[in-house]
Amino acid sequence: MKIDLTDTTASKINKALVKGRRAIGTPAVGMVLTLVIVTDEENAYDALKAADDASLEHPSRTLVVIKRVSRSPRDRTKSRLDAEVRVGADAGTGETVILRLYGEVSDHAQSVVLPLLLPDAPVVVWWSVDAPRDPAGDPLGALGQRRVTDSYAAEKPVEELKARAESYEPGDTDLAWARITPWRSMLAAALDQVDCEVVSVEVAGEEANPSVELLAMWLADRLHVHVRRAVSAGPGLTQVRLETTGGPITLHRSDGAMATLALPGQPDRAVALKRRETSELLAEELRRLDPDDTYASALRFGVDRLGGIQSASQRPEAATWTPGELPVRPVHDTSEPAAKPTGATASPSAPSSSSSSAGEGDSARPTPAQMPPVKKADPQ
């Protein structure tokens, strides 16, 4: 059921929601949270479709905020709110309200959204595009317990990651982090099967993919070893190679669907590692409403190293480094593992997805100045 409202108010929208629920015979509210989607007209359809699919797992009231750009100075001084209310089959398993804000009211979207939030239910704010530099400081972001961004949708994903680290507040997360959950789980499980020490790591993937950067940061943060960042043609992440005292561990995916896991002394095995849809990533983020300390630790660990990374087209033929840095091995050279920073150790179970950004053992962690930078190698 759809109800269109023109030049309306939040009070009239709430009445339309009640009217719609009664019309379809479900007067009770069975929603578990409020999902606020901030997007534009170009991306509204895809964002709403992802939210509808995610609502099958998390029934929610979805509020889509679209700020319309007025064409003339006179129109920009006029405020208008149009809404489209969807209930029943047209809204998945929840309720959907599409809000289009015109004029000055677009600068005060929080005043429109606040009366429409479900009482005593958590709020998640998702920017499908054009996320603010400080999500927690944004008026809409301040309404949510969780704030979801997507650095992959930014024009400069690596710069976006740096902004996320600078403004991080508990409750912030990014879909680029959710994209590497299967990789992190697979690597942690692989290390649980062998008794060895990780010496160095190489992560390969697309050059402008923030998920590849995050995985490299996470491995460097958890293992305390030198992590190289190699560039490949993709799609997305393609390979992680861990040099260990017992031999190399390799997780390679070339087609974006199936991967091959190679462990020392064991036959290679095929594992499912499919690239997931946005709806699956969003559903994963809605499963937890507490701060993700593991994401925060990985993000903060690597952000000070991203500034020195150069693209393949900008890098000179001969790599250079300062005396405090470790040299980077060529991509094709795997005869000897790269040296570790002094005092860095890694146990086989170090890269787990549990959150332990602070606590016992932190005093032994090398400082950023002692750790080698995450570097990119020339593509093969």
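The axes of helix α7 (residues 181-192) and helix α8 come within 11 Å and cross at roughly 35 degrees, where each axis is a line fitted to C-alpha atoms over the stretch in contact and angles run from 0 to 180 degrees between N-to-C directions. This is a predicted model, in which local features need pLDDT of at least 70 and side-chain atom pairs count only at pLDDT 80 or more, while totals for chains, interfaces and linings use all residues. Residues are numbered from 1 along each chain as its sequence is written, and side-chain values use heavy atoms, with hydrogens and water left out. Helices (H or I, at least four residues) and strands (E, at least two) are DSSP runs, numbered from the N terminus.

The crossing of α7 with α8 is right-handed, that is, the near helix is turned clockwise from the far one by less than a right angle. Trp183, Arg184, Leu187 and Leu191 of α7 make the contact with Leu215, Trp218, Leu219 and Leu223 of α8, contact being heavy atoms within 4.5 Å. By class, these residues comprise 7 nonpolar, no polar and 1 charged, with Ala, Val, Leu, Ile, Met, Phe, Trp, Tyr, Cys and Pro counted as nonpolar, Asp, Glu, Lys and Arg as charged, and the others, Gly among them, as polar.

Helix α8 also meets α5 (residues 157-166), the two axes coming within 9 Å and crossing at roughly 50 degrees. The pair is therefore oblique, a class left over once angles under 35 degrees are taken as roughly parallel, over 145 as roughly antiparallel and 65 to 115 as roughly perpendicular. This crossing is right-handed, and in it Pro157, Val158 and Leu161 of α5 meet Pro210, Glu213, Leu214 and Met217 of α8. The contact of α5 with α8 divides into 6 nonpolar, no polar and 1 charged residues.

The largest nonpolar core has 41 residues, of which Val201, Val203, Leu214, Leu215, Leu219, Val240 and Leu242 touch the most other members. Such a core is a set of buried Ala, Val, Leu, Ile, Met, Phe, Trp, Tyr and Cys residues joined through side-chain atoms within 4.5 Å. Helix α8 (residues 210-223) gives the most to this core, with 9 residues.

Two loop residues remain. Aspartate 7, between β1 (2-5) and α1 (10-23), has a positive phi near 50 degrees. Aspartate 130, between β6 (123-127) and β7 (146-149), likewise has a positive phi, of about 50 degrees.

Methods. Buried means under 20% relative accessible area, exposed over 50%, partly exposed in between (1.4 Å probe, protein chains only).
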